[in-house]
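User: I am new to this structure. Please take me through its features one at a time.

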Protein chains: 2
Amino acid sequence: MSPGGDVRVAVLLSGRGSNFLALHQAMSRGEVPARIVVVVTDKPKAAGAAKAEDLGIPAVAVSRRGLTREQHEERILEALRRHRAEWVCLAGYMRLLSPLFVAAFPQRILNIHPSLLPAFPGLDAQRQAWDHGTSVSGCTVHLVDEGLDSGPIVVQRPVPVTADDDPDSLAARILTEEHQAYPEALKRLLTTSWEVEGRRLKFFEERA
Amino acid sequence: MSPGGDVRVAVLLSGRGSNFLALHQAMSRGEVPARIVVVVTDKPKAAGAAKAEDLGIPAVAVSRRGLTREQHEERILEALRRHRAEWVCLAGYMRLLSPLFVAAFPQRILNIHPSLLPAFPGLDAQRQAWDHGTSVSGCTVHLVDEGLDSGPIVVQRPVPVTADDDPDSLAARILTEEHQAYPEALKRLLTTSWEVEGRRLKFFEERA
């Protein structure tokens with residue numbers, strides 16, 4: 001499916017894993033020079049983990065039960081090392097990563113968030129946007145730092161809020177854009193030269 | 001130019017008045033059932049005031065010099081009463097209005113802001129967005145309440161930030177959208193039924 005030179009990506013998820021599938025499909029179509037080598041979940045029953053196994057991708061469940069945050073993250077890092085992951089994509093992973101975890105993959109962890117950050121960080125962003133009465137929301141793919149939804153932005157896509165929307169219909173429309181934005185962002189980071197300047201990502205010419 | 005039944009609008013500005021001109025032009029084309037009856041500026045040399053006079057629209061300069069905030073606002077309110085203004089559009093008016101002023105035109109004051117609020121309120125919003133590294137910004141037309149750029153949102157338009165942008169080129173691209181958004185928002189408020197619910201504007205069917 002993917003040539004051996006592709007970048008090795010781990011996906012962390014807690015739920016249905018629709019962004020995991022969107023990434024996988026874009027990679028399978030050859031649009032992103034990467035492949036998913038392991039899916040890790042903190043919820044043993046996450047639907048996304050079952051989908052990974054259906055696709056022949058190793059799925060590792062690391063329950064939080066009885067573990068400190070450090071112990072839990074260390075077990076996840078062990079799984080990532082075992083599968084030689086080079087990048088980490090969070091796809092509906094519902095916990096903040098510790099500074100130690102972030103430092104293990106410096107500027108190599110991506111997250112996707114269902115709003116145009118810095119507006120509406122945190123949980124239930126689509127409802128936050130709807131309650132606020134915005135007429136444009138969207139999604140953001142960003143590098144993960146130690147803050148909440150605060151790292152440098154890679155890609156954003158706007159999504160209109162219509163008069164007959166409710167938070168659920170808005171969330172569904174944003175999700176469709178997320179599935180485009182996440183592969184686009186990963187591709188951009190893997191195929192161009194870039195650096196972080198202040199809190200901006202600065203892109204240079206395409207790599208040869 | 002405009003029929004007598006049109007809504008009487010006052011424009012407050014401190015600078016070149018490009019959004020004032022955009023509103024005026026949309027009204028002249030019959031796209032917004034309103035007309036500008038007076039332009040008020042706190043900067044006697046504002047280019048927008050000269051443009052108003054060129055168009056035959058009364059321009060009133062109310063300098064802040066030697067006046068308290070209350071005295072200054074009271075003089076502006078006198079001018080609005082004298083010209084029987086029903087709505088107030090802020091178009092680059094660089095001061096926060098007091099609660100007393102806002103209460104004189106309840107839900108009848110509009111402002112335009114060069115970002116997708118609630119992101120980047122306050123001064124120099126285009127540079128704030130650029131410094132933050134966003135890849136989508138835009139503009140917002142909102143009803144004015146007592147906060148800074150905080151009232152209910154009427155219209156927002158997204159604007160992409162491109163790799164070769166700087167704050168000035170971004171500001172210019174946003175300004176083009178402002179000139180569309182402001183007449184659109186005023187038209188919407190004057191030609192539909194609406195109410196403020198929480199902090200959302202809720203629109204009903206078109207008026208007959």
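Analyst: Start with one residue. Ala125(B) touches His113(B), Pro114(B), Ser115(B) and Phe120(B), leaving aside residues up to four places away in sequence. Note that this is a predicted model.

User: Where does Ala125(B) lie?

Analyst: Ala125(B) belongs to helix H5 of chain B.

User: Is Ala125(B) buried or exposed?

Analyst: A residue is called buried under 20% relative accessible area and exposed over 50%. Ala125(B) has 1% relative accessibility, so Ala125(B) counts as buried.

User: How do I read a whole helix? How many residues of helix H1 of chain B are buried?

Analyst: Helix H1 of chain B covers residues 18–28, and eight of its 11 residues are buried. The helix is thus mostly covered. The buried residues are Ser18(B), Asn19(B), Phe20(B), Ala22(B), Leu23(B), His24(B), Ala26(B) and Met27(B).

User: What do the buried residues of H1(B) pack against?

Analyst: Their partners in chain B include strands and helices. The strands are E1 (7–13), E2 (34–41), E4 (87–90) and E5 (109–113). The helices are H2 (47–54) and H6 (167–191).

User: Which residue follows H1(B)?

Analyst: Gly30(B) follows H1(B), and its phi is positive, near 80 degrees.

User: Which residue other than glycine has a positive phi in chain A?

Analyst: Look at Gln107(A). Its phi is near 55 degrees, a positive value in a residue other than glycine. Gln107(A) is placed in the loop between helix H4 (99–104) and E5 of chain A. With 38% relative accessibility, Gln107(A) counts as partly exposed.

User: And in chain B, what is the phi of Asp149(B)?

Analyst: Phi of Asp149(B) is near 55 degrees, again positive in a residue other than glycine. Asp149(B) lies in the loop between strand E6 (136–143) and strand E7 (153–160) of chain B. Asp149(B) is buried, at a relative accessible area of 14%.

User: Next, the peptide bonds. Which residues does a cis peptide bond join in chain A?

Analyst: Check omega. Leu117(A) and Pro118(A) are joined by a cis peptide bond, with omega about 10 degrees. Pro118(A) is in the loop between strand E5 (109–113) and helix H5 (125–132) of chain A. Now turn to chain B. A cis peptide bond joins Leu117(B) and Pro118(B), where omega is about 15 degrees. Pro118(B) is in the loop between E5 and helix H5 (125–132) of chain B.

User: Let me step back to a whole chain. How many helices and strands are in chain A?

Analyst: Chain A has six helices and nine strands. Its C-alpha trace spans about 50 × 45 × 35 Å along the principal axes.

User: What about the surface and charges of chain A?

Analyst: Chain A exposes about 9,600 Å², and carbon and sulfur atoms supply 50% of that area. Chain A has 25 positive and 26 negative charges, whose mean positions are 5 Å apart.

User: Last topic: the two chains. What rotation superposes chain B on chain A?

Analyst: Two copies of a chain are related by a rotation about an axis and a shift along it. Here the rotation is 180 degrees, the shift along the axis is 0.0 Å, and chain B superposes on chain A with an RMSD of 0.0 Å. The two copies are therefore related as by a two-fold rotation axis. The same surface serves both copies: 100% of the contact residues of chain B recur in chain A.

User: Which residue of chain B comes closest to the rotation axis?

Analyst: That is Ala119(B), whose C-alpha is 2.6 Å from the axis.

Note on methods
Residues are numbered from 1 along each chain as its sequence is written. Chains are lettered from A and ligands numbered from 1 in the order in which they are written. This is a predicted model: local features need pLDDT of at least 70, side-chain atom pairs count only at pLDDT 80 or more; totals for chains, interfaces and linings use all residues. Side-chain values use heavy atoms; hydrogens and water are left out. Copies are superposed by least squares on the C-alpha atoms of residues with pLDDT of at least 70 in both. Contact means heavy atoms within 4.5 Å. Helices (H or I, at least four residues) and strands (E, at least two) are DSSP runs, numbered from the N terminus. Accessible areas come from the Shrake-Rupley method with a 1.4 Å probe; for residues, only the protein chains shown count as cover. Lys and Arg count as positive and Asp and Glu as negative; His and the chain ends are not counted. The place of a charge is taken as NZ of Lys, CZ of Arg, CG of Asp or CD of Glu. Buried means under 20% relative accessible area, exposed over 50%, partly exposed in between (1.4 Å probe, protein chains only).
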